[in-house]
Amino acid sequence: MRGFGENIPTLKLLDFSLRLFVIPLSVASIWLTVTNQQDNSTYGKLGFSNLKSLRYMVCISAISAGYALVAAVSSWVKCLVTKAWVFFVSDQVVAYLLVTSGAAVMEILYLAYKGDRIVTWSEACSSYGSFCSRLIVALVLHALALCCFFVLAVISAYRVFSMFEPPLPSKEAEEQT
């Protein structure tokens, strides 16, 4: 039976493919968000620059796309491949940044659809339906990029921690068995 560690070329190909897959997802999310605007005769024009959480998501999407490209190219450079901990830490950081930016946009979408009567914030998606719909698509693309980075973080964690031997059992554990 072949062990999981013997599939390193397959793992490397999956890693490379996921990193490349993140790039168009992030670029599409950025494009949908930046070009998203709607004018309403009653309330005025709403665009991505009006909401800080959208600008934050665009910045994080750009960072994740740039990092994914650099990491994909770097994964084939021999001297950098041996630095598994660099990919591990970087993948974790990018994944967490994607979580925070996605959560910020989800909060805005929730308020846009439901409103908040306590602070007299009425729901806005009935007036800006097209804006909200495009924002949902951008958020879905952003979430798919996050899923890719979640898998990449697991792969990089496997690479880092597979370099070490498992801990030896303690004397107390040996005595109990």
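Select Leu152 and show its neighbours: leaving out residues up to four places away in sequence, Leu152 touches Asp15, Leu18, Arg19 and Asp91. A contact here means heavy atoms within 4.5 Å. The model is predicted, so local features need pLDDT of at least 70 and side-chain atom pairs pLDDT 80 or more, while totals for chains, interfaces and linings use all residues. Residues are numbered from 1 along each chain as its sequence is written, and side-chain values use heavy atoms, without hydrogens or water.

Stay on Leu152. Its relative accessible area is 0%, so Leu152 is buried (under 20% relative accessible area, 1.4 Å probe, protein chains only). Colour helix α5, residues 129-161, to see where Leu152 sits. Helices are DSSP runs of H or I with at least four residues, strands are E runs of at least two, and both are numbered from the N terminus. Now draw a C-alpha to C-alpha distance from Leu152 to Ala95: 8.9 Å in space, 57 residues in sequence.

Next, select Leu46, Leu51, Ile108, Ala112 and Ala124. Of the 13 residues lining the second largest pocket, these lie nearest its centre. The lining is 13 nonpolar residues, with no polar and no charged ones. Helix α4 gives the most to this lining, with 4 residues.

Zoom out to the whole protein. Count 6 helices and 2 strands. Follow the chain through the pattern α-β-β-α-α-α-α-α. Of its 177 residues, 36% count as buried. Among contacts with a separation of 6 or more, 76% join residues 24 or more positions apart.

Methods: Buried < 20%, exposed > 50% of the residue type's maximum accessible area, 1.4 Å probe, protein only. 1 Å grid on protein atoms, 1.4 Å probe; cavity = no way out; pocket = protein on both sides within 12 Å on 5 of 7 lines; lining within 4 Å. Nonpolar A, V, L, I, M, F, W, Y, C, P; charged D, E, K, R; others polar.
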